[in-house]
Amino acid sequence: MRIAMIGTGYVGLVSGACLADFGHHVICVDKDASKIEALRRGEIPIFEPGLDALVASNVKAKRLDFTTELAAPVAEADAVFIAVGTPSRRGDGHADLTYVYSAAREIAAALSGFTVVVTKSTVPVGTGDEVERLIREANPSADVVVASNPEFLREGAAIRDFKFPDRIVVGTSDERGRKVLGDVYRPLSLNQAPMMYTARRTAELIKYAANAFLATKITFINEIADLSEKVGADVQEVARGIGLDNRIGTKFLHAGPGFGGSCFPKDTR
Ligand SMILES: NC(=O)c1ccc[n+]([C@@H]2O[C@H](COP(=O)([O-])OP(=O)(O)OC[C@H]3O[C@@H](n4cnc5c(N)ncnc54)[C@H](O)[C@@H]3O)[C@@H](O)[C@H]2O)c1
């Protein structure tokens, strides 16, 4: 399949390289010309174990390329992924959707033939509706399905997370959209990764609900750590004692400084 990845940051670059490694033809697009020039020279702008070799082998096999020009890759693509940033908006903390919407307008102008436009960026419920509205407004004759496919990879374990995911969430009720995304992820479903097909709004909420739940686990065990100190208990043993209950699980129950990183703080806000 032909894939255009709009936004070649952490998620776009890792996803693009992994999808190329599945055998698809992927072109990663970014507005940042210095980033694209560096990638074309074989320099990887982020540190992610194994990513340099993965990019190099797929560039060599001519399945992965980088460009600043969005139009040609979008016109040729079966699936166009939007993987641009959605940082917290100054003031109210809402996800800043400026980059997503401007990418959607640019994509709309370049669409040709049946295309599935897939939002991979973490976006509030209803963003897919607005992306679809913008595309149809800018290009009323476009044969397009807008789907949601949130990403759950973790920085530092990103390639493993992408290639061996706990699940893949595909949010669209359109059969043609489901078929294209089923084909995109075929190597993973053949490998027994659970594919979950759902409605677009449900997929959008799954991403925030997952991050909110994980952040809650960290916050919860930190509260229990404070309580443990007060009552003379050992929080690590409390965590093990509750985590061995399968309904709770042992992961994300390590007391520490609280949650951080590039996603939990902004997504919980
Ligand atoms: N980083 C993570 O661990 C992670 C995990 C899961 C989901 N996400 C979500 O994925 C999305 C992307 O995150 P990221 O960490 O990869 O961001 P990032 O800031 O590393 O990359 C975003 C890239 O998009 C580019 N861009 C912006 N507008 C563009 C446009 N119109 N055309 C082409 N390129 C454009 C920017 O130049 C930048 O290189 C966010 O919504 C984030 O919440 C991130």
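User: How far apart do the C-alpha centres of domain 1 and domain 2 lie?

Analyst: This is a predicted model, in which local features need pLDDT of at least 70 and side-chain atom pairs count only at pLDDT 80 or more, while totals for chains, interfaces and linings use all residues. Residues are numbered from 1 along each chain as its sequence is written, and side-chain values use heavy atoms, with hydrogens and water left out. An automatic or database domain assignment gives domain 1 (2-198) and domain 2 (208-268). The separation of their C-alpha centres is 31 Å.

User: What area is buried between domain 1 and domain 2?

Analyst: Contact (heavy atoms within 4.5 Å) involves 10 residues from domain 1 and 5 residues from domain 2. Buried area is the accessible area (1.4 Å probe) that two parts lose on being put together, summed over both. Carbon and sulfur atoms give 50% of the total, which is about 530 Å².

User: How many salt bridges does the rule find across the interface of domain 1 and domain 2?

Analyst: A salt bridge needs a side-chain nitrogen of Lys or Arg within 4 Å of a carboxyl oxygen of Asp or Glu. By this rule the structure has 18 salt bridges. Across the interface of domain 1 and domain 2 the number is 0.

User: Which residue forms a salt bridge with Arg40?

Analyst: Arg40 is in helix α2 (residues 33-40), and its partner, 25 residues apart from it, is in strand β3 (residues 64-67). Helices (H or I, at least four residues) and strands (E, at least two) are DSSP runs, numbered from the N terminus. The closest N and O atoms are 3.4 Å apart, and the partner is Asp65.
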